[in-house]
Amino acid sequence: MPSIAKPPVRHPALPVNELGLTERDYEGPMSTLCAGCGHHSVTAAIVRALWEVAVPPHMVAKLSGIGCSAKTAAYFLHGAHGFNGVHGRMAPLATGVAAANSELLLIGISGDGDSFSIGIGHLVHLIRRNLRMVYIIENNGVYGLTKGQLSASADVGSTSHWGTAGVIQPIDPMLLGLSLGATFLARGFSGDKVQLVPILKAATGHRGLALIDVISPCVSFNDHEGSTKSYRFTRDHDVHGTETDFVEPRPAILAAIGREGITDLTLHDRSRVRARAVPQGYDPTDRDAVGAYLREAHARGEVVTGILYVDPSRPTFHELLGVVQRPLVAVPYSELSPGSAELERFAQS
Amino acid sequence: MNTQTRERDIAELSPGGWVLWDSTSPLEQAGAREDVALLGIPIARMCIEEFDNPRERILLQNMVYAGAVTALLNIDPEIAAAFIDERYQRRARLREANHHAFRLGEEYAREHFAYPLPCRVEPLEGTLDSIIVDGNTATAVGCIYAVATVAAWYPITPSTSLMDAFSAFSRRYRRDPESGLTTGMIVQAEDELAAIGTVIGAGWAGARAFTATSGPGLSLMQEQLGLAYYTEVPVVLFVVQRAGPSTGMPTRTQQADILAAAHASHGDTAHILLFPGDPAECFDFAVRAFDLAERFQTPVLVLSDSDIGMNDWMVPRLRWDDSYTPDRGRVLGAADLEGVAEYHRYADPDPDGVTARTLPGVSPRAAYFTRGSGHNRLGGYTEDPDEYREVVDRLARKHAAAARRVPEPVVERRPEAGVGLVTLGSGGPAVREAAELLRARGVAADWMRVRGYPFDAAVHAFLDTHEICFVVEQNRDGQLRTLLLESGANAAKLGSVLVYGGVPVSAGEVVESVLTRLRRREK
Ligand SMILES: Cc1ncc(C[n+]2csc(CCOP(=O)(O)OP(=O)(O)O)c2C)c(N)n1
Ligand code: SF4
Ligand SMILES: [Mg+2]
């Protein structure tokens, strides 16, 4: 695949990454979302994370469905192709893009409406397939774009802007992911960039589907007293399951997994995530224990954040289907066309 | 012939016909038809006597029947024997059992009936350059030659065998010699929404991608077909039509998805349609569909039907021109972008209204944001009436331009014909025969088989040069006729012959309908 263009000359004060690009090069056009919307902070964390891991912008494909959250795909990485499709169908779009070009880093931005209601059928199957992509859910408990109806992630008893309260059991994407064999599950909070950036960086190095649930308050429709997806509630009830440090790619593979309190996980690109378990004993590779912990914490009203579960060993969708490593768009015509002689053979059969 | 329907089948037979039937259980109305010959063979009883295995007693009944037919029609028994050998190559026991059953039928027919019958089957020189193939298989071969690498689908009758065939061919022709891995990806999706979404994603990223479905799946794909139309992403969709509405009659044939396909999705949306008339055209049009989809950067829907897709047809041997190169349309690569100050997705249309696209992962100068929401010629979000109209008006120009590139109609003219018969798809052979039969009834009729939409100028020229045309199609509402009227045809000169019971149209019913309508016009 082609190389990166020479970086344009910059103000010397702006720091550059390995590619010689500044953080500006990872930004997008001005956002039109409400001032204070949690989604802004997620965008900022994505910009920082992608700049720090120094992904060539044009090797990224940004994908989304419809919603306030989906709009944010436009607001970072102006140098990358983006596709803002239809409501709930980001996962199929991503599957197709990955099928055509496996070299692209797919960053998907979805909402709780987009992913847990209209698009849940696709999310479920995407998790099963372990397609390599970073799948971010900007979770605010409501349909922001259509003015604040409660979504399927709204907790029972959490009140809406319009006065009604959630009465149906919510969907927790982390528990959903665990039950479907997800290979990377993390939860962040848009108000905690310090934690979110390393989570995102780790996700870009994961070789399968990295599902990140980010609590991202909607200031217009779900940030009031009584809502469990407000800034206030999340700050007060946030419990870090893991503290995450991101260790830049290094050839040595280190994976001391155990209950000592520190877990080092080596990712596909040889970078490592060092997860310090908070509380002691949390093991992000023990699926059953993670599930039990999350359920108990939820019952206590806690919002557990951090990299909650990782399994870097499972094959990706491409591997499961036995598809070549090089991108299919790069396979030349001559290799794909059987030619007239083979058609003769077909006529004989 | 099964016992539930055989009395009805006998009643429908033409005078002078023969009935080969299992006489193990007697007919209820044995004497009902004096004008047909009843050839009874106790097939079930013979199988019970000859075979021990209960499964074989049932399954081999067909082979006894095949043996009898072979004898009665004087088909070379060697050909049948070779077929059995090939079919059961690796299963010696089954092979012998089949041969045995076949001989039972053959011998019984020879001993008991005046064999062979006055009609017979024999090889003809004229068919040497023909093959027997069904449309779904031929379409799959076309997709292989069109170098499609991504396919996504959700199973539905009668389109399933298309993907089955593509998967089988992919195992042979999509294999990387070095790694043994596959150079294609076939996604069995969770539903048709996912299938079309996957194809759109792959097309946007530069792969030749397709899906195949039937009516219910087409309904589910509507929203995203509009997305592909408005964002200008190449998509190829094969619709093997069955009888609707709703679940309808899944194993019966119809051409009732024409309008649903032409305007699939909400808003002002119009697609390019291709109507193959037989499996040979399924092969050909599959390749053309990918070329058109990429040239016009839009969905192309290829509409066959259950009759073409699932049944074996005899067609001219498929041919491939090795000088073919895929028409990838206007795609800017890294080198093309060097000289471009700033790239805009929907700016600078060519005379057909097509603008240049770029693919992700190719160049830092290529980026653009694709949105199904209102956008202007630069690709930016807009709600401005003029900016919005500029883009959708160009889409209309682009669609109109496709009329010159879709396959032209097949036309057969006779001197002085005032009547035109218009049809599409699997209706071709019957309508052609009807035109022939009408001559004997004193009516000179031309016929035309339409092969693409938007309609080529030749389609309108045909309509304009006849006093009256009848559109013969397999749906209740005259959908092709509606599309012709919408495209400017004169309603007063366009009649309808509609055959929509779920079985293929026959020449006889077309002739009678046309004559009735002509008589009515004279009054
Ligand atoms: C098929 C379809 N149905 C309904 C809508 C209307 N709609 C747009 S966004 C949305 C919900 C968005 O909620 P969420 O995904 O949580 O995103 P948020 O705005 O909260 O970020 C709905 C119902 C639509 N665009 N398409
Ligand atoms: S409505 Fe809510 S989710 Fe949408 S932009 Fe405003 S604050 Fe954000
Ligand atoms: Mg939401």
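Helices (H or I, at least four residues) and strands (E, at least two) are taken here as DSSP runs, numbered from the N terminus. The model is predicted, so that local features need pLDDT of at least 70 and side-chain atom pairs count only at pLDDT 80 or more, while totals for chains, interfaces and linings use all residues. Residues are numbered from 1 along each chain as its sequence is written, chains are lettered from A and ligands numbered from 1 in the order in which they are written, and side-chain values use heavy atoms, with hydrogens and water left out.

**Exercise 1.** Describe the secondary structure and burial of chain A.

Solution. Begin with the DSSP runs: chain A holds twelve helices and 13 strands. Next take burial, where buried means under 20% relative accessible area, exposed over 50%, and partly exposed in between (1.4 Å probe, protein chains only); by this criterion 58% of the 349 residues of chain A are buried.

**Exercise 2.** Characterise the largest nonpolar core and one of its residues with the most contacts.

Solution. A nonpolar core is a set of buried Ala, Val, Leu, Ile, Met, Phe, Trp, Tyr and Cys residues joined through side-chain atoms within 4.5 Å. The largest one has 97 residues, and Leu106(A), Val422(B) and Leu484(B) have the most contacts inside it. Helix α3 (residues 90-100) of chain A gives this core its largest share, eight residues. Apart from this core lies another, of 51 residues, including Ala165(B) and Phe285(B). For Val422(B), with contact meaning heavy atoms within 4.5 Å, the partners beyond its neighbours within four places in sequence include Met448(B), Phe462(B), Val472(B) and Leu484(B).

**Exercise 3.** Determine whether Cys143(B) is buried or exposed, and what its disulfide state is.

Solution. Cys143(B) is accordingly in no disulfide, the nearest cysteine sulfur, that of Cys282(B), being 10 Å away. Its relative accessibility is 0%, so Cys143(B) counts as buried.

**Exercise 4.** Locate the backbone features at Asn130(A), Glu232(B) and Pro158(B).

Solution. Most residues other than glycine have a negative phi, and most peptide bonds are trans. Asn130(A), although not a glycine, has a positive phi of about 60°; it is placed in the loop between α5 (120-129) and β4 (133-139) of chain A and is buried at 2% relative accessibility. Glu232(B) likewise has a positive phi, of about 65°, in the loop between α10 (215-231) and β7 of chain B. The peptide bond from Thr157(B) to Pro158(B) is cis, with omega near 0°, and Pro158(B) lies in the loop between β4 (150-153) and α8 (160-173) of chain B.

Key:
Disulfide = S-S within 2.5 Å.
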